[in-house]
Amino acid sequence: MNVLRISKSQNQIPPLAATMAAAEDSKRGSIDDFLDDDSLMTSFPSPKEITDVIQVVEREIESICSIGDYRVTQRKESLSLVRRIKLLAPFLDEIKELAGPIPETAQPALRDLKKALFASKRLLKASAESSKMYLALEYEGMVGMFQSVNGKLSEALDKMPYDELGISDETKEQIELMCVQLKRAKRRTDTQDMELAMDMMVVFSKEDDRNADIAMIKRLAKNLELHTVEDLNEESAAVRKLAKEKGEKYAENTQKIINVLNKFKQIAGIEETDLFEEPVKPNQDSVKAHPLDIPQEFLCPITLEIMTDPVIVATGQTYERASIQKWLDSNRRTCPKTGQVLNHVSLAPNYALKNLILQWCEKNNIQLPNKNAALCTEDAATAENREKIMSLVRDLSSIRLVVQKEAVQSIRLLSKENPENRVLIADCGGIPPLVQLLSYPDSKIQEHAVTALLNLSIDDTNKKLISSEGAISAIIEVLKHGNVGAKENSAATLFSLSMLDENKVTVGLSDGIPPLVELLQHGTVRGKKDAATALFNLCLNNMNKARAVEAGIVKPLLQLLRDNHLGMIDESLSILLLLVSHPEGRQEIGQLTFIGTLVEFMKHGTPKNKEGAAAVLLELGISGSSFLLAALQYGVYEHLVEITKNGTNRAQRKASSILQLMSKYEQIP
């Protein structure tokens, strides 16, 4: 685990960090102070030098257009902004062709345009170069910053005296259309994809000290485009830069980002390293503080260390033998660098590259490390760990209660530490006795056993092993009758196991949904969240929707909607959206009081609340006009019109569809 080490003297935030700080300091995303910063500008030129100013603006536009490769969470906003800025080119061409001097009335507008372009460039650079996880965490603030930049560009262009500049009607119409788009973009908000938002909530949760499910971590890494070795190395550099710029003010969030980054690295087979060790290129153990730049092709893509035994895999990529073998031994069958599936797992020695490395080392008087000794030490440690785990597994079946309790507690801790332990525990036969201990009358042993199974289930192979041992029924019994901690971890285990579709069916048939609904209604805050995530996953199965409704899920969901302190409104609306697609769910959900609650969210809720409420109402409306008539009685019409103008992109589409349905049903007042 990397421990954040940031000097207290680091309180000067460079320009890029200032852009980012705006998102943290104000969720409104306003960057007025940033845009008005005089340091952004040199003194504005006199009229006779106006051509130079136009050239500066042109260079800024060219620079903006060359940035590209934006982070996935800001890609849509970035590309839209660049597309609009490109439309300025014909306007600038016509100004350059102006016969006389530039009118003085145009100079303030050009000054504002230049400032807005400078701010746009810095925001776009941040969207292309900053940490992907940081930008995802600060999504709402970044959206606000794009809105502000769009507003500043619009204001500058609105003040431009086009007639005095002699701008053609065609170009003027193009700029006017651009201004309309900018103003619309300034008003519009958007939210993250619901799946991404829920995964972020679980994986980044600071209240939850358990390991997140590996399938969810993989999905989050893929959605953030952090699933290849190259992606992760680039993100490590971005996080290191973020920590230096933000200092202690953002230390807690930076540490959370580092923790999740290390989970991504474990999945990708990259060893965890201290992010704050410099330089980034090969480790000091690989080449002892040598000032020379090592050729990139000499470095293993996994460890970033100079290779001593390079081998070629099926995709043609070259890795250090020990590193890629460790990757393959963890049941991975993809190329770490490209992500391609390996047609075979044979490793071919890369003698040509090895000779080049040896020649380069000899020429530059570099001594390669002796990795054989290190490998022997590592093998010895693995053998010792295996022996320890085998002993603990034997103790799980001991006739002495104290020995059993110590063994199951130790396995719980070991299963949390790293992926290797999870594989070893399963290989040593640890899963069957853990499942048997779920039925043990001692509540603490039950809690340790179910938590150990939760940790083991992070591994996809272990999911199948656990369910094949008949663990699901036993876990449900612990969910019904265990202590508070055991109930919470049972719900989390069912969520993890239900990542496999066949286990969704098994949990439903094993009567696992009613106790989850009970935990959702009466559990602790952590228990409610565990139950909600499990129920959301289970209700992706159509039969489980009916079971959830029959178990009374609607009542606790309505309670969660009314409780702002729990912060589970969006999760509740997401589950309701799944349920409303089922006939029994619609019948239960479509009560007048619930319709009134939806309308209240569309009136007073957050952008994401409004989006979720509109989505649920649309599903209800598609099934029958009576739901829309009830919503109209609560005054939904004006709120829908407002959402079509200022809601998120998804909310605007949902609201427009509802209005169209009302028109079809002839219910619009």
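Reader: What does M160 touch, not counting residues up to four places away in sequence?
Author: This is a predicted model. In it, M160 touches F91, A106, A109, L110, L113 and L165. M160 and A106 are 54 residues apart in sequence, yet 5.9 Å apart in space, C-alpha to C-alpha.

Reader: Why is M160 called buried?
Author: Buried means under 20% relative accessible area. M160 has 4% relative accessibility, so M160 counts as buried. Its place is in the loop between α8 (139-158) and α9 (162-165).

Reader: What makes the phi of E225 worth a remark?
Author: Phi of E225 is near 60 degrees. That is a positive value in a residue other than glycine. E225 is placed in the loop between α12 (214-223) and α13 (229-246).

Reader: Is E225 buried or partly exposed?
Author: Buried needs a value under 20% and exposed one over 50%. E225 is at 26% relative accessibility, so E225 counts as partly exposed.

Reader: What is the phi of D511?
Author: D511 has a positive phi of about 65 degrees, although D511 is not a glycine. D511 is found in the loop between α25 (501-509) and α26.

Reader: Why is D511 partly exposed?
Author: The relative accessible area of D511 is 41%. Exposed would need over 50%, and buried under 20%, so D511 is partly exposed.

Reader: Which residues make the contact of α26 with α29?
Author: V517, L520 and Q521 take part from α26. K555, P556, L557, Q559 and L560 take part from α29. By class, the residues divide into five nonpolar, two polar and one charged.

Reader: How do α29 and α30 pack?
Author: α29 and helix α30 (residues 569-579) pack at an angle of about 145 degrees, with their axes 8 Å apart. The crossing is left-handed. L557, L560 and L561 in α29 meet I569, S572, L573, I575, L576 and L579 in α30. That contact has eight nonpolar, one polar and no charged residues.

Reader: At what angle do α23 and α24 pack?
Author: Helix α23 (residues 471-481) and helix α24 (residues 484-497) pack at about 145 degrees, with axes 8 Å apart. α23 passes α24 in a left-handed crossing.

Reader: Which residues of α23 and α24 meet?
Author: I472, I475, I476, V478, L479, K480 and H481 belong to α23. They meet A486, K487, S490, A491, T493, L494 and L497 in α24. The residues of this contact divide into nine nonpolar, three polar and two charged.

Reader: Which residues of the largest nonpolar core touch the most other members?
Author: L88, F91, F264 and I553 do, in a core of 155 residues. Helix α6 (residues 107-129) gives the largest share of this core, eight residues. Not counting residues up to four places away in sequence, F264 touches M133, I217, L220, A221, L224, L226 and L232. A second, separate core of 23 residues includes V311, W327, L328 and L368.

Reader: What does the secondary structure of the protein chain come to?
Author: 36 helices and three strands. Buried residues make up 52% of the 669 residues. Among contacts between residues at least 6 apart in sequence, 72% join residues at least 24 apart.

Definitions and conventions: Residues are numbered from 1 along each chain as its sequence is written. This is a predicted model: local features need pLDDT of at least 70, side-chain atom pairs count only at pLDDT 80 or more; totals for chains, interfaces and linings use all residues. Side-chain values use heavy atoms; hydrogens and water are left out. Contact means heavy atoms within 4.5 Å. Helices (H or I, at least four residues) and strands (E, at least two) are DSSP runs, numbered from the N terminus. Ala, Val, Leu, Ile, Met, Phe, Trp, Tyr, Cys and Pro count as nonpolar, Asp, Glu, Lys and Arg as charged, and the others, Gly among them, as polar. A nonpolar core is a set of buried Ala, Val, Leu, Ile, Met, Phe, Trp, Tyr and Cys residues joined through side-chain atoms within 4.5 Å. Buried means under 20% relative accessible area, exposed over 50%, partly exposed in between (1.4 Å probe, protein chains only). Axes are lines fitted to C-alpha atoms, for helices over the stretch in contact, and angles run from 0 to 180 degrees between N-to-C directions. A crossing is left-handed if the near helix is turned anticlockwise from the far one by less than a right angle, and right-handed if clockwise.
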